[in-house]
Amino acid sequence: MSTFMEQWALLLAPNRKNSGGIKPDPLVEGRNPFLADYDRIIFSSSFRRLARKTQVHPLVRNDHIHNRLTHSLEVSCVGRSLGLGVGAALRHRGDLPTEYTPDHLGQIIQASCLAHDIGNPPFGHAGEEAIRDWFKDSGHKEQYFKNLQPAEWADFTAFDGNAQGFRVINALENNKDRGGFRLTFPVIAALVKYPRSAYEAQGVGKSKFNFYTAERALFAEIFGEMGLASGGGCRRHPLSYLLEAADDICYRIIDMEDARELRIISYADFKEAMTPLLDAQCLDDPRLDSMDSDRRRTSMLRTTAMGRIIPSITQTFMDNYEAIMDGSLEGSLLNHARDDVAGFMSAAGRVFNSKIMNNPQKTALEIGTYTLYRRLLDVFIPACFNYTKGNTMSYQETRALTLMGANAPGRDDSLYMAYLRVLDFVSGMTDDYATFISQQFSGTSGL
C-alpha cells in the first residue's frame with residue numbers, strides 16, 4: 001500500500017462520534033454514510049432557513065436572485081463534480097483505497113458543500129462585520145466581557161460564519177448539545193478551510209478561523225483521528241480545497257449573473273469577464289444572438305464556463321497534489337489555477353469589487369444592518385449577563401430570554417456559553433425575522 005493510500009484510508013473512513021464513542025458506519029451500497037449525511041443536512045431547519053438569508057443582494061424581491069440555500073445547492077453540485085474528477089485521478093494513480101470509489105469523494109464534498117454556509121448570519125458578510133463591531137466596543141467589553149478568557153473573548157470579536165457553521169453541525173442541530181448532526185468525520189473535516197481557533201488566528205495575524213473555544217476538544221479529536229494533527233496544530237483535509245474551490249467558482253460566476261439580473265452590471269460586463277474561459281467559437285455562437293433575453297444568454301455562457309473551469313481546477317488539484325497532502329499548499333486552489341481560470345478570476349474580481357460591492361442600494365442596506373444588530377445585541381446580551389450572574393432582571397430582559405426559546409441559556413451555563421447562545425439565536429435568524437424583531441425592539445417600521 002502506498003503512503004498516500006494509507007493517508008486516504010484515514011481521511012475517508014466513515015467514522016461518527018455519538019453517545020457510544022467513535023464508531024465507523026458500514027460502507028454499504030446504496031444509501032451509504034455520506035449520502036446519509038447529505039440527507040441529515042438537507043432536511044434540517046438550519047438548512048431550510050438559508051432560503052431566507054442573503055447571498056450577496058439583501059432583501060430583493062426578484063425570484064431569479066440566489067439566496068444562501070440556492071447558492072449552497074449549486075456549490076454542492078460543483079463540489080460533487082470536482083470530487084468525482086479528483087477521485088478518478090486518485091484511482092488512476094493507485095492512491096484510492098479499494099473500498100472507496102470516485103463516487104464516495106463526490107458524495108463527501110457534496111454533503112460538505114451543502115452545509116458550508118449553514119452558520120452564516122442574516123445579511124451575510126455585512127452581518128458578520130456588524131456582530132464583530134458590536135463586541136469590539138470598549139464600553140461593552142468593560143461592562144459584560146471583562147471576566148472572559150482571552151480565547152473566549154476572541155470568538156466574539158472575530159465572529160465568523162465558518163466557526164458558527166462548525167458549531168451548528170456539531171452542537172445545535174438534531175442532537176442539541178449532544179453532537180449535533182453527528183456527521184461522518186470526512187464530511188466535517190472537508191468543511192474546515194481554516195483549521196484554527198479565533199485566538200490562534202489572531203496570534204499568527206490571520207482573520208479567518210473555523211471553530212470556537214467551545215468546540216476545541218471535538219475539533220482536536222476529529223482531526224487527530226484522521227491523522228491531520230501534528231506539532232500542536234492541524235492541517236486541512238485535502239477535500240476542503242475542493243469545497244473552497246466550488247464556493248469560489250459559484251460566487252464569482254453566479255453572483256455576477258445575479259448582478260446582471262438586477263441590472264447592476266450589463267450583459268456585456270458579464271461576457272467580458274467570461275472571456276478568459278471561453279474561446280471565440282463560443283463567444284460568437286449564433287445561438288446567443290437568437291436568444292430572446294440577456295438572461296438566457298448569460299445562462300448559456302455560465303453553463304459553458306462551468307464546463308471548462310471544473311476540469312481545469314481538478315487538474316490544478318493534481319498539479320499540487322503532494323503539497324495538498326502534506327498541508328503545505330497556501331490559499332485556495334484558484335490562487336494556483338492555470339491561466340484560463342486565473343484570467344477569469346481576475347476579470348470577475350474587478351467587476352465584483354468595482355460595480356457589485358459598491359452598488360448604492362446594497363451599500364445602504366448594509367449600513368442599516370449595523371443598526372439592526374445593535375438593537376438585537378443591546379437587548380439579548382444584557383439579558384443573558386444578568387441571568388447568568390443572578391442579577392435582578394427587568395421585564396424586557398425576562399421576555400427576551402423567553403423569546404430565545406430553546407436557545408436561552410440554562411442555569412449551568414457559564415457567561416461565555418450564555419453569550420454563545422445569543423449568537424446561536426441571532427445568527428440563526430432569517431433576514432426577514434431579524435428585521436421584524438429589530439423593528440419590534442425599536443418601535444419603528446424600518447431598519
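**Close-up views of cores and aromatic pairs**

**View 1. The ring of Phe380 is paired with that of Phe441.** At 0% relative accessibility, Phe380 is buried (buried means under 20% relative accessible area, exposed over 50%, partly exposed in between, with a 1.4 Å probe and protein chains only). Phe441, at 29%, is partly exposed. The ring centres lie 5.6 Å apart with the planes at 55 degrees, so the pair is tilted (rings of Phe, Tyr and Trp, the last by its six-membered ring, pair if their centres lie within 6.5 Å; planes under 30 degrees apart are stacked, over 60 edge-to-face and the rest tilted). Phe380 belongs to helix 20 (residues 360–389) and Phe441 to helix 23 (residues 431–442), 61 residues apart; helices are DSSP runs of H or I, at least four residues, numbered from the N terminus.

The model is predicted: local features need pLDDT of at least 70 and side-chain atom pairs pLDDT 80 or more, while totals for chains, interfaces and linings use all residues. Residues are numbered from 1 along each chain as its sequence is written, and side-chain values use heavy atoms, without hydrogens or water.

**View 2. Phe317 and Tyr321 form a tilted aromatic pair.** Their centres are 6.4 Å apart, with 45 degrees between the planes. Phe317 is buried at 0% relative accessibility, and Tyr321 is buried at 2%.

**View 3. The largest nonpolar core has 95 residues.** Such a core joins buried Ala, Val, Leu, Ile, Met, Phe, Trp, Tyr and Cys residues through side-chain atoms within 4.5 Å. Ile41, Leu239 and Phe344 are among the residues with the most contacts inside this core. Helix 13 (residues 238–261) gives the largest share, twelve residues.

Conventions: Helices (H or I, at least four residues) and strands (E, at least two) are DSSP runs, numbered from the N terminus.
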